[in-house]
Amino acid sequence: MSTDLETLERQLHRDGFLHAYVWQDGPNAFYSDHKHPVETAHIILDGEMMLTQSGASQTFRAGERCDVPAGAVHSAKMGPRGCRYLIGEK
């Protein structure tokens, strides 16, 4: 595990996220509308993710973080190179 990744995981834990793990999706992977029972944080490590919630879409790239409140309906589409990201779950 790289020092940068360890630093990001520590930050998530300081922010109250109990679990943190790396996830990777292939090019143009898509998750239709869904929700999670807990708040989640996604820190993009490589590639990009377009997150849509509450009717608004925003693209997040390496180094950026997006948080999704517990119970919020959202969808996600990965970029043409896929996306590797650190997930935090409360």
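**Strand pairing around β3 and the largest pocket**

Within β6, Cys83 is the bridge partner of Gly47. This pair is considered here in a predicted model, together with the other pairings of β3 and the pocket to which β3 contributes. β3 and β6 run antiparallel and are joined by 12 bridges. By DSSP assignment, β3 covers residues 40-53 and β6 covers residues 74-89.

β3 also pairs with strand β4 (residues 56-61), in the antiparallel sense and over six bridges. In this pairing, Arg61 of β4 stands opposite Glu48. The hairpin formed by β3 and β4 has two residues between the strands, and Ser54 in this hairpin adopts a positive phi near 55 degrees. A further antiparallel partner of β3 is strand β5 (residues 65-68), to which β3 is joined by four bridges. Here Asp67 in β5 is the residue opposite Ala41.

Two or more lining residues are given by each of β1 (19-25), β2 (30-34), β3 (40-53) and β6 (74-89). Of these elements, β6 provides the largest share of the lining, with six residues. Classified by residue type, the lining comprises nine nonpolar, five polar and one charged residues.

How values were computed: Residues numbered from 1 in each chain as written. Predicted model: local features only at pLDDT ≥ 70, side-chain atom pairs only at ≥ 80, totals over all residues. Heavy atoms only, no water. Nonpolar A, V, L, I, M, F, W, Y, C, P; charged D, E, K, R; others polar. Pairing = 2+ DSSP bridges.
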